[in-house]
Amino acid sequence: MDAIAHAAAHLRAGGLVAMPTETVYGLAALVRDAGAVERVFAAKGRPSTNPLIVHASSLEMARGCCATWTAEADALARAFWPGPVTLVLPKADWVPDVVTAGGRTVAVRVPRHPVALALIEAVGEPLVAPSANKSGYVSPTTVEHVRGVWSEAQVFVLDGGACEVGLESTVVAVGHDGLRVLRPGVIGPEEIERVAGRPVQEGGEGAGVAASPGLIGAHYQPQARVVLVERPEDGRAYLGESKAVFIGPPGGGVDAGAPHVAIAMAGDAAEYARNLYDALRQADAMEPSVIVVCVPEGVGPTWDAVRERLGRAAASR
Ligand code: TXA
Ligand code: MG
């Protein structure tokens, strides 16, 4: 039996599968198996108030998870799927409450990774897939990251290589009263506005709109303290630390000799995003007293999403 058939059988039997997507690896279970979904929450240590994203292999399958499907949702889905955009719509009755944390809406997306699509096709029904990290930690973007967290007995791991995007999907609430980006991603508000033909609100914690619980407070956090600096040379202020790891532009700012370490990051937005979580994990594995990240200044949705994740990685816990 090939790996995908094996993973599909494991899911049908109530098991959990680490599934590569184009954004980050997900921890998958059958949407309709409430017991398996509960095991996903338990394995991650995820608060039961934080809903999961449903992954489908086609627009029709995604639509089947929603009670209503607007022309606007259809336009967004056709423009961005398969790809790193998640749409939040009223939930279909059959979707177990545990998936949506008791809420009336469901988040759905069609991922672009061929292994994810093949797995969902093989199972023939949608899968929940939160990022395959322990709750609050940095999302995994390589199979090595995944294997570092889960044992083979706990989770069947599908190897899909390094994730192409490296940051989680843009989450967009599609309401009668408008569109709101609940979580920024590489697809930005302007692109969404262009497809929808009306303005998009930003910010998950806005008044009057159901917030995205996973966006509140600290998130994406390494074990080590993370501090952000504006200019590479500002990192020098941390050379007095017992062991600092600097993440920043190549050759920039800090000439880190032992016990300090420097991890160079590319200047290109897509490449930076693809490597960010690996850099944070590498830094954390060195058990430093502090991880100092020079926040890139670039303009555009990918840089905005990078800065949002870094802000949460550095938030006080
Ligand atoms: O790129 C991604 O979206 C990855 C890959 C695996 O697909 N998945 C992912 O899932 O990032 P997770 O569980 O780590 O993040 C899901 C985000 C959380 O911020 C959660 O609060 C929000 O989506 N969310 C899920 N359902 C929601 C809903 N019904 N209403 C508002 N926000 C929702
Ligand atoms: Mg996550």
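Visitor: How far apart do the C-alpha centres of domain 1 and domain 2 lie?

Guide: This is a predicted model. An automatic or database domain assignment sets domain 1 at 3-202 and domain 2 at 226-313 of the protein chain. The separation between the C-alpha centres of these two domains is 28 Å.

Visitor: How are residues and chains numbered, and what mean pLDDT does the protein chain have?

Guide: Residues are numbered from 1 along each chain as its sequence is written, chains are lettered from A and ligands numbered from 1 in the order in which they are written. Local features need pLDDT of at least 70, side-chain atom pairs count only at pLDDT 80 or more, totals for chains, interfaces and linings use all residues, and side-chain values use heavy atoms, with hydrogens and water left out. The pLDDT is the predictor's confidence in each residue, from 0 to 100. In the protein chain 95% of residues reach 70 or more, and the mean is 93.

Visitor: How many residues of domain 2 are in contact with domain 1?

Guide: Domain 1 contributes 22 residues to this contact. From domain 2 the number is 15.

Visitor: Are helices α8 and α9 roughly parallel or roughly antiparallel?

Guide: Helices (H or I, at least four residues) and strands (E, at least two) are DSSP runs numbered from the N terminus, and axes are lines fitted to C-alpha atoms, for helices over the stretch in contact, with angles from 0 to 180 degrees between N-to-C directions. Helix α8 (269-285) packs on α9 (301-313) at about 25°, with the axes 9 Å apart. Angles under 35 degrees count as roughly parallel, over 145 as roughly antiparallel, 65 to 115 as roughly perpendicular and the rest as oblique. The pair α8 and α9 is therefore roughly parallel.

Visitor: How many nonpolar residues does the contact of α8 with α9 have?

Guide: Among the residues making it are Y272 and L276 of α8 and W303 and V306 of α9. Ala, Val, Leu, Ile, Met, Phe, Trp, Tyr, Cys and Pro count as nonpolar, Asp, Glu, Lys and Arg as charged, and the others, Gly among them, as polar. One residue of the contact is polar and one is charged, while the nonpolar residues number nine.

Visitor: Is the crossing of α1 and α5 left-handed or right-handed?

Guide: Helix α1 (3-12) and helix α5 (114-123) pack at about 55°, which makes α1 oblique to α5. A crossing is left-handed if the near helix is turned anticlockwise from the far one by less than a right angle, and right-handed if clockwise. The crossing of α1 past α5 is right-handed.

Visitor: Which residues in α7 does α4 meet?

Guide: The angle between α4 (71-80) and α7 (189-196) is about 125°, and the two helices are therefore oblique to each other. On the α4 side stand E72, A75, L76, A79 and F80. Their partners in α7 are E191, I192, V195 and A196.

Visitor: Which residue does a cis peptide bond join to W81?

Guide: Most peptide bonds are trans. Here omega is about -10°, and the loop concerned runs between α4 and β4 (85-90). The residue joined to W81 is P82.

Terms used. Contact = heavy atoms within 4.5 Å.
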